[in-house]
Amino acid sequence: MKRTLVVMLKEPHPGRVKTRLGREVGMIPAAWWFRHQTRALLNRLQDPRWDLVLAVSPDVAGLRSRVWPQHLDRIPQGHGDLGDRMKRMLRLQDMGPVCIIGADIPAITRGHITRAFAALGSADAVFGPAPDGGFWLIGAKRTRALPPRLFADVRWSTEHALADTVASWSDARIAYVDTLRDVDEARDLRMTAPGAHATSRV
């Protein structure tokens with residue numbers, strides 16, 4: 001069965017990406033970091049076991065951008081909050097399991113993605129938790145329709161984001177994989193530097 005890995009990303013313009021990081025290290029260095037981090041991530045995650053698709057923002061500029069590898073398929077994220085856009089990604093793809101990640105998690109490897117897809121063998125949905133209460137990965141088996149209230153009332157960018165999302169996925173069998181840290185602030189860069197260890201969750 002076809003597997004699809006969707007990477008959600010923005011054009012790396014100063015002042016438009018990683019603004020919290022930019023307020024500490026400067027908007028240009030923050031955008032530079034995001035651009036090079038994302039390119040390294042995309043190169044690392046290409047694998048014949050799944051299709052790698054870029055969900056880009058802004059819609060028009062992202063589809064035309066020369067920043068990202070030209071051979072990878074792209075789809076626009078569209079309008080709405082993060083939940084609206086992720087639900088659109090889950091619904092747009094061809095049938096088969098879908099996992100969605102962000103582009104600002106330096107520790108992601110093909111092994112993490114492999115474990116997430118494997119978890120969907122017995123679960124309806126899978127999450128990769130983040131230490132701050134959010135999540136770096138969400139995946140759906142998609143053997144049945146998504147809940148109509150999926151992502152409803154989720155308190156994004158808070159310690160409740162993962163719990164709220166799980167609560168909105170009514171009657172689903174939920175699996176959890178590795179806990180990884182994204183980069184929002186300068187201290188996150190230090191925590192994700194080589195030698196820093198991610199934790200795991202079963």
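A nonpolar core is here a set of buried Ala, Val, Leu, Ile, Met, Phe, Trp, Tyr and Cys residues joined through side-chain atoms within 4.5 Å, where buried means under 20% relative accessible area, exposed over 50% and partly exposed in between, with a 1.4 Å probe and protein chains only. The model is predicted, so that local features need pLDDT of at least 70 and side-chain atom pairs count only at pLDDT 80 or more, while totals for chains, interfaces and linings use all residues. Residues are numbered from 1 along each chain as its sequence is written, and side-chain values use heavy atoms, with hydrogens and water left out.

**Nonpolar cores**

- The largest nonpolar core has 38 residues, and those that touch the most other members are Val7, Leu9, Ile101, Ile108, Ile113, Val126 and Trp136.
- At least two residues of this core come from each of β1 (4-10), α2 (27-45), β2 (51-57), β4 (98-102), α5 (110-119) and β6 (135-140); helices (H or I, at least four residues) and strands (E, at least two) are DSSP runs, numbered from the N terminus.
- The largest share of this core, 7 residues, is supplied by α2.
- Another core, of 24 residues, lies apart from the largest one, and its members include Met89, Ala125, Leu150 and Phe151.
- In soluble globular proteins, nonpolar side chains tend to be buried together.

**Surroundings of Val126**

- When its neighbours within four places in sequence are left aside, Val126 is in contact with Cys99, Ala116, Ala119, Leu120, Leu137, Ile138, Gly139, Ala175 and Val177, contact meaning heavy atoms within 4.5 Å.

**Salt bridges**

- A salt bridge is counted where a side-chain nitrogen of Lys or Arg is within 4 Å of a carboxyl oxygen of Asp or Glu, and by this rule there are 11 salt bridges.
- Arg49 and Asp47 form one of them, with their closest N and O atoms 2.8 Å apart; Arg49 is partly exposed at 44% relative accessibility, whereas Asp47 is buried at 13%.
- Arg149 and Asp153 are joined by a salt bridge of 2.8 Å, N to O, and Arg149 is exposed with a relative accessible area of 52%, while Asp153 is exposed with 63%.
- Arg155 pairs with Asp164 in a salt bridge whose closest N and O atoms are 2.8 Å apart; Asp164 is buried, with a relative accessible area of 13%, and Arg155 is partly exposed, with 43%.
- A network of salt bridges links Arg20, Glu185 and Arg187.
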